[in-house]
Amino acid sequence: VITDGMTLEPLRVEGTRGMDIDNEFHNEPRVAAIIASHQKPEFIANVKEAGKILAIDYSDLKNLKVTSINAAKFLHDGGWDRTHRYFMSAANKSNIISVVDSKTSKLVANVTVGAIPHPGRGANLDIPGVGPVWATSHLGDEAISFIGTDPKGHPKNAWKVVKTINGMGAGSLFIKTHPKSKNLWVDDPLNADAEVFATVAVFDVGNLDGGFKVINVVKDAGLTAGRAVQPEYNAAGDEVWISVWNGETAESAIVVYDDKTRAVKAVIKDKRLVTP
């Protein structure tokens, strides 16, 4: 559904029913992610079960142009590389990151990673000797995969897994850093162990092989149970906000950390905060 940005009035509705990348008909494939191109007036949409990424040119809604890109099945979430040109999209159950060039609206590569990648928007950083990379954690295993994203400056490393380290375990949903930060934050809310899903792992981006510090977000929130989910930076890059998910009748919270010191700055609680 393409809507008016001010009024949200639907302007054009298109269905996703049709053929998947194996030329088999799918009655109701879901749209799992939509992102706006920085290169041209296009929306990029993941059609999950079909394994297709759609580049939707919205410059002329009466004569809509859609480029259908065969990628990999079970597309879910994803984000931009640091140049905002390449869309890095996780095809969960295919164990693939599909890379789309938003300038040409073409598939660049399908990169095999760990089990069930779930990056959120992923994390962009530099690894000395390797160059710019984009990182994803995984639902299905403890791996954190780093993919080279600089085809001009580091062509030998582009669109390959150039480094893998281990986090706390399977069950991660989000991985995050910031251009001004020296930290890489990785959650694990769907891990089977309550001691793990209450915590996050924090890596030093300058020493990724040096292990990680475990921060118990649930304890810092003053709670006895819950799942620590989705570290997010503020715009300045000096704070990290992490949600504590809990049951509908239990107390939830948001914990704000100082990114430099990793110390608690604030705990936000409210009856209206239910699995924020």
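A salt bridge here is a side-chain nitrogen of Lys or Arg within 4 Å of a carboxyl oxygen of Asp or Glu. With that in hand, here are the close-ups. The model is predicted, so local features need pLDDT of at least 70 and side-chain atom pairs count only at pLDDT 80 or more, while totals for chains, interfaces and linings use all residues. Residues are numbered from 1 along each chain as its sequence is written, and side-chain values use heavy atoms, with hydrogens and water left out.

**View 1. R30 and E49 meet in a salt bridge.**
The N to O distance between these two side chains is 2.5 Å. R30 lies in the loop between β4 and β5 (31–36) and E49 in the loop between β6 (42–47) and β7 (52–57), so the pair ties together parts that are 19 residues apart in sequence. Strands (E, at least two residues) and helices (H or I, at least four) are DSSP runs, numbered from the N terminus. R30 is partly exposed, at 49% relative accessible area, whereas E49 counts as buried at 13%. The classes are buried under 20% relative accessible area, exposed over 50% and partly exposed in between, with a 1.4 Å probe and protein chains only.

**View 2. K48 sits in the loop between β6 and β7.**
K48 is buried, with 13% relative accessible area. Setting aside neighbours within four places in sequence, K48 is in contact with R30, A32, K73, F74, L75, H76 and N92; contact means heavy atoms within 4.5 Å. For H76, 28 residues away along the chain, the C-alpha atom is 6.1 Å from that of K48.

**View 3. D20, D22 and K73 are linked in a network of salt bridges.**
A search of the whole structure finds 12 salt bridges.

**View 4. D101 and R85 form a salt bridge.**
Here the N to O distance is 2.7 Å. D101 belongs to strand β11 (residues 96–101) and R85 to the loop between β9 and β10 (86–91), so the pair ties together parts 16 residues apart in sequence. D101 is buried, with a relative accessible area of 6%.

**View 5. Four strands make an open sheet in the order β9-β10-β11-β12.**
The pairing in this sheet is antiparallel, and two strands pair if DSSP finds at least two bridges between them. β9 and β12 (106–112) stand at the edges with a single partner strand each, so one side of each has no neighbour in the sheet. From one strand to the next, the twist averages 25°; axes are lines fitted to C-alpha atoms (for helices over the stretch in contact), with angles from 0 to 180 degrees between N-to-C directions. β11 and β12 are joined by 6 bridges, and I96 has T112 in β12 as its bridge partner.

**View 6. The largest nonpolar core has 17 residues.**
A nonpolar core is a set of buried Ala, Val, Leu, Ile, Met, Phe, Trp, Tyr and Cys residues joined through side-chain atoms within 4.5 Å. W185, V200, I215, V217, I242, V244 and Y257 have the most contacts inside this core. The elements that give two or more residues to this core are β19 (199–204), α2 (217–220), β21 (227–233), β22 (239–245) and β23 (253–258). Beyond its neighbours within four places in sequence, I242 is in contact with residues including W185, V200, V217, A228 and Y257. Another core, of 16 residues, lies apart from the largest one, and V130, A135, L184 and F203 are among its members.

**View 7. β23 and β24 form a hairpin.**
There are 5 residues between the two strands, and R262 in the turn has a positive phi of about 65°. β23 pairs with β24 (residues 264–268) in the antiparallel sense over 4 bridges, and V256 stands opposite A266 in β24.

**View 8. A235 is found in the loop between β21 and β22.**
A235 counts as exposed, at 78% relative accessibility.
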